[in-house]
Protein chains: 2
Amino acid sequence: MAAEYAFGIDLGGTTVKCGLFNSKGELLESWEIPTRTEDNGRNVLPDIAKTIRDKVKEKKLKKGDIEGVGIDVPGPVLDGGIVNQCVNLGWGVVNVKDDLSEMLDGIRVEVGNDANVAALGEAWKGGGKGYSSIIMVTLGTGVGGGVIVNGKIVSGSHGAGGEIGHMTVNYDEEDTCGCGKKGCLEQYVSANGITRVAHKRLAKNKKQTVLVNDDTLSSKKIFDAAKEGDEVALALVDEFGKTLGRALASIAVVVDPECFVIGGGVSKAGQIVLDAITKYYAPNTFHACRTTIFKLAELGNDAGMYGAVKMIV
Amino acid sequence: MAAEYAFGIDLGGTTVKCGLFNSKGELLESWEIPTRTEDNGRNVLPDIAKTIRDKVKEKKLKKGDIEGVGIDVPGPVLDGGIVNQCVNLGWGVVNVKDDLSEMLDGIRVEVGNDANVAALGEAWKGGGKGYSSIIMVTLGTGVGGGVIVNGKIVSGSHGAGGEIGHMTVNYDEEDTCGCGKKGCLEQYVSANGITRVAHKRLAKNKKQTVLVNDDTLSSKKIFDAAKEGDEVALALVDEFGKTLGRALASIAVVVDPECFVIGGGVSKAGQIVLDAITKYYAPNTFHACRTTIFKLAELGNDAGMYGAVKMIV
């Protein structure tokens, strides 16, 4: 980039994470402000504009010093930076690109969906560093995804690029996903999905296990117990790996990425997660894709800020 | 493009289809030469170079009149135009881009995989005209695919972009696919796959049907009978649509194309093919992708030539 600095903004449902970066993509400083979602989120963009202006003033930056502002939002982003229905922010249709730019004296603004932008961040500075085509899978409360081809986000014609949490993997499922369908990947391999499956298995379980079938059950406890060799937990981890490994095997033949990056809270369990996935990935994918690399995400909650600024630099 | 003409070459296992195009992408003339696969296909590229030189001479073209040569090949193409293992041509690793360019006085050559290039052709001048992001599915002897995002082929990091014929759709299949896996999409919805399934269903069938369970059974006969209201044929078409519609519903959330283009011999049955697919597509995909458009391919066997020249113009 021509100028010396850029901002990367990760706009979440409760907090806005803000980063000031230099032209090398190094994070110089980060801070947070609350996301004020009241009144249909009308304060969200003005609050972001204000915190950027305050930082510019504090650092005594001039307009020409700043290349622009990259921002991610928790909702579908259409071409032209228009955001359509950010439920978590109370937004309907908002032209984030133009509106935020106007609040900041016409500075360049680029907008992306949060899961896609996190994927871009991981491809640039995280687990996918060195690869130009990656698919990131974020295993959090839900399952997010981001597809990066030749260094660019594939946002999709309806803003649904990388929405792999909602591919159907079980046509016999009876429970309904948050999206309204049944049998979505998210219902099995998100943190909530893993515990949902575990509750069902534990209700019928007759083997000895350290897992307790109550409200304290979590995906972390399941992976921890599996690491200790608990047989029931190991079977649950294997089931997780089978569902996700098969799904990624199907996805691989669409864009044939160099690398899958696995992130989100569930991925904190570490290598056991990758081992469970790859056990079922390789035998179920096209032979040319069998050597695709699997990596854990590395940037954690900062991935959004990094990816946001990458849209600018 | 700067120059007035370009060549589009579709290199198949038995025939090379050659096209001379003008700068608007209009096909001025097309002709064929045989593909000489003997001696590990060592004559293939020299033969193509010769037929291009002959046409240049015949038309009295000068070097500056020709923008370049686009060519597709029946095998995986890696970055840099290197072709790896074209089994049908007897080739191992061949640097098509550099070798063909050298045979033609250093003219610009671009290379792509045949299914991907056909998709590019359909996106440019065929069923996907007007859309910049499409997925093409070619239902022929096998199932080929091509993914076009923002007007560019997604060839993939191992040349396997768009190899959707080999996504696993049935983990209980006992027959083996040509690729070595079991349960590939191709085993159900290619021309061969449709008749394979039909033979199995007819062996157990007790209903009246015009379909005959012998060597003359074909996907064309099945679709023809379904159009006449034959109940068994209608059930087979429904099964075809269910398998392919569900698979495309899963694929849609990866790159979220504007349009699916359905081509290959099976697609000649027409609207009944699209109707069978879309019946199962919409209810099984993410809500944002439900309005994705389905079209029949329009260029037939010329799609490769058009896509090949599109890589140049």
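Reader: Across the interface of chain A and chain B, how many residue pairs are in polar contact?

Author: Keep in mind that this is a predicted model. Here the rule finds 25 residue pairs in polar contact across the interface of chain A and chain B, both partners at pLDDT 80 or more. Salt bridges are another matter: the count between these chains is zero.

Reader: Okay, and which elements of chain A do the touching?

Author: Strand 10 (143-149), helix 8 (231-255) and helix 9 (271-284) each give two or more residues to the side of chain A that touches chain B. Helix 8 has the largest share, with six residues. Sorted by class, that side has 17 nonpolar, 15 polar and six charged residues.

Reader: How much area is buried between chain A and chain B?

Author: About 3000 Å², and carbon and sulfur atoms give 62% of that. On chain A's side, the trio to look for is A:His158, A:Tyr171 and A:Val254, which supply 21% of the area chain A buries against chain B, more than any other three residues. As for head count, 38 residues of chain A are in contact with 38 of chain B.

Technical notes: Residues are numbered from 1 along each chain as its sequence is written. Chains are lettered from A and ligands numbered from 1 in the order in which they are written. This is a predicted model: local features need pLDDT of at least 70, side-chain atom pairs count only at pLDDT 80 or more; totals for chains, interfaces and linings use all residues. Side-chain values use heavy atoms; hydrogens and water are left out. Contact means heavy atoms within 4.5 Å. Buried area is the accessible area (1.4 Å probe) that two parts lose on being put together, summed over both. A salt bridge is a side-chain nitrogen of Lys or Arg within 4 Å of a carboxyl oxygen of Asp or Glu. A polar contact is a pair of N or O atoms within 3.5 Å; within protein, one must be able to donate a hydrogen and the other to accept it, and residues adjacent in sequence count only if both atoms are side-chain atoms. Helices (H or I, at least four residues) and strands (E, at least two) are DSSP runs, numbered from the N terminus. Ala, Val, Leu, Ile, Met, Phe, Trp, Tyr, Cys and Pro count as nonpolar, Asp, Glu, Lys and Arg as charged, and the others, Gly among them, as polar.
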